[in-house]
Amino acid sequence: MRIASHKVVTGTTGPEPRPLTLVVEGERVVEVVEGIEPDADLVEEWIVPGYVDTHCHGGAGADFSSTDPDAVRRAIDFHRSHGTTTLFASTVTEAMDEVIAQIERMRPLVEAGELAGIHLEGPFLSPEKKGAHNPDLLVDPRPEYVERILEASGGAVRMITLAPEREFGLEAFSTFTENGVAAAFGHSDADNRVAKQAVDAGASIVTHLFNAMRPIHHRQPGPVPTLLDDERVMVELICDGTHLDADVIAMSRDAAGIHRVGLVTDAMSATGQPDGRYDLGSLKVQVTDGVARILADDGTLGAIAGSTLTMDRAVEYVVTHCGCEVGEAAIMAATTPARWHGLAEVGELAPGRYADLCVVDDGAGLQRVMHRGRWIEGAGEGA
Ligand SMILES: [Zn+2]
């Protein structure tokens, strides 16, 4: 199959669109040819790399902590139809035994290539910045806990979010990093100094920058300025219009650059579902107008609990609200997260990589999705 457009962003070179023809054989891109080949299927819109969402808890009514494999697959298919061709399944804080059980349940999906990895969000988080995590279950990353996770992982756990100020915190950053698990700074009450120590200890990712950490104050800067500035970390941003103001997203992109900003959804099970009540791990969540908040037993609403965002909407949001070009948005949604997580077969449209791509209009609206050389039915507005 040959597919061409005057506006292809491969991710290999900069964000500027180029006229190119992609030659696809089976699941992979085998050649990228300059210009439009006469026998190619010419697409009017942009062609960009398929999106890589490295922080996602579920969707279509299904939570990745579910014991029902069909539910987990439903969430994967749902996000794929919204442009996410590579996905990490994120957990929420549970008791250690349940964390291990979740890893064991999801590992076969990683081994089958349906998921690119597991992201553990908790249980080693700060109670001060717990967000939508059950505070009763938060613990220190004791070496024996770290050991249990690494043993259960078998390479399937690709990232863990940790608060460095917890006892054994910095040690855990080093141990996870040395064992090939990206250690992410997040849900932390650390100041700028401790945040930098976490990076020195191996942190390579920042879990949803700004959310669940100290804010910027000009005399007490908190972790944000140093993390935006440090070339050793990629910062995740949740660009749903609720978690961050558009000006803050634009500032972060300008400070860190598109090669250090990764768009994530942090989507929970209610994504793609009507407003109502949902579960997030062991907590109850109320979704109103698409915004998910923790629901206390007495009916009061608490912290924002993940999002109902999909990657196509995140890309559209930064293009329409934050002054990003389509190519810049695509790099933040695909190329940058793939590169930081060492996902060498995705994130770029280049020979040898999977033929994972999104076709989008000038406003970055999703039209079509190709996953491993096959068009996804029911994906995008053009379906
Ligand atoms: Zn999350």
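Helices (H or I, at least four residues) and strands (E, at least two) are DSSP runs here, numbered from the N terminus. The model is predicted: local features need pLDDT of at least 70, side-chain atom pairs count only at pLDDT 80 or more, and totals for chains, interfaces and linings use all residues. Residue numbers start from 1 along each chain as its sequence is written.

Just after helix H4, Gly-180 has a positive phi of about 80°. H4 itself spans residues 169-178, and its buried residues are Gly-169, Leu-170, Ala-172, Phe-173, Thr-175 and Phe-176. A residue is called buried if 20 or more other C-beta atoms, placed from the backbone, lie within 10 Å of its own C-beta, exposed if 12 or fewer do, and partly exposed in between. The cover over the buried residues of H4 includes helix H3 (143-153), strand E10 (157-162), strand E11 (182-185) and helix H5 (192-200).

Ala-364 is buried because 27 other C-beta atoms lie within 10 Å. Arg-372 has 17 within 10 Å, so Arg-372 is partly exposed.

Pro-123 sits in the loop between strand E9 (117-121) and H3. A cis peptide bond, with omega about 15°, links Gly-122 to Pro-123.

His-218 belongs to the loop between strand E12 (205-206) and helix H6 (224-229). His-218 counts as exposed because it has 6 C-beta neighbours inside 10 Å. Its C-alpha atom is separated by 37 Å from that of Asp-298, 80 residues apart along the chain.

Notes. Contact = placed C-beta atoms within 7 Å.
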